[in-house]
Amino acid sequence: MIFGWVIDSRSLLPFNISNRRYIVCHLGASSILKYWPNEHWQSLLKHIKAKGFEVVLSVGPSEQCLIKKIDPENLCIHRETIYSLSEMWHILKNAAALVSLDTGIAHLAKLTFTPTVILFGQGSSVIHGPGDFWKELPYKYATIHPYPCRDQNLFFRRKIFWVERCVRNANECLTPGACMEAISKDQVFKALMNLVEEK
């Protein structure tokens, strides 16, 4: 509400979706080792659309090439420039759900209480999951546990025995992308549909 007027946040969306339900898929991340294979995304998007949802694709700065690779036929909603933080807030607020890699957009979705599926390859679902503070958040994660090379236990320069993660870069990783490739489309889609049905 602004100055006594009720504002419909859907009117602030940076696109016209004609009141159809949509799911946001965030394709980018801070490291290419966190990227999910293009063919996995493409299969997931087809399954989401087959369920009657529109799909909104989002990426971070300098990642627009991911959209062209994953949606070459422009079947999903996206634009050439990235969304601003305020636009992303409204997109997430009105979304039926978010599928995201382990990156900042997943944290923004906590503030909008958007049902979220996060894909953890290198990262830890324990460290970066909802925890006690966000335990009421409609949230699921997709990961393979245990994963052989998620074997580092340093966190803020301290060795913590229960921390299982990998902070190797692309030059250090012996099997680049393997931990993400192991996460199947079916695993992500099942988690997503469970969230949407619970909403």
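## A pair of neighbours

The model you are looking at is a predicted one. Strand 3, made of residues 97-101, pairs with strand 4, residues 116-119, in the parallel sense, and four bridges link the two.

Strands of a sheet can pair in a parallel or an antiparallel way, through backbone hydrogen bonds.

What is the order of the strands in the open sheet? Its five strands are arranged 2-1-3-4-5, and their pairing is parallel. At the edges you will find strand 2 (54-58) and strand 5 (139-142), each of which pairs on one side only. Going from one strand to the next, the twist averages 20°.

## Helices on the sheet

Now look for helix 3, residues 85-93. Helix 3 lies across strand 1 (22-26), strand 2 and strand 3, and runs at about 130° to strand 1.

Helix 6, residues 185-198, also packs on the sheet. Which strands does helix 6 touch? They are strand 1, strand 3, strand 4 and strand 5, and the direction of helix 6 makes about 175° with that of strand 5.

## A nonpolar patch

Finally, turn to the surface, where Val 126, Phe 161 and Trp 162 form a nonpolar patch. Together they have about 410 Å² of accessible area.

To find Trp 162, follow the loop between strand 7 (158-159) and helix 5 (178-181).

Note on methods:
Residues numbered from 1 in each chain as written. Predicted model: local features only at pLDDT ≥ 70, side-chain atom pairs only at ≥ 80, totals over all residues. Heavy atoms only, no water. Pairing = 2+ DSSP bridges. Axes fitted to C-alpha atoms, helices over the stretch in contact; angles between N-to-C directions. Contact = heavy atoms within 4.5 Å. Patch = residues over 30% accessible without salt bridge, like charges linked within 9 Å, V, L, I, M, F, W, Y side chains within 5 Å. Areas by Shrake-Rupley, 256 points an atom, 1.4 Å probe, with all protein chains shown as cover. Salt bridge = Lys/Arg side-chain N within 4 Å of Asp/Glu carboxyl O.
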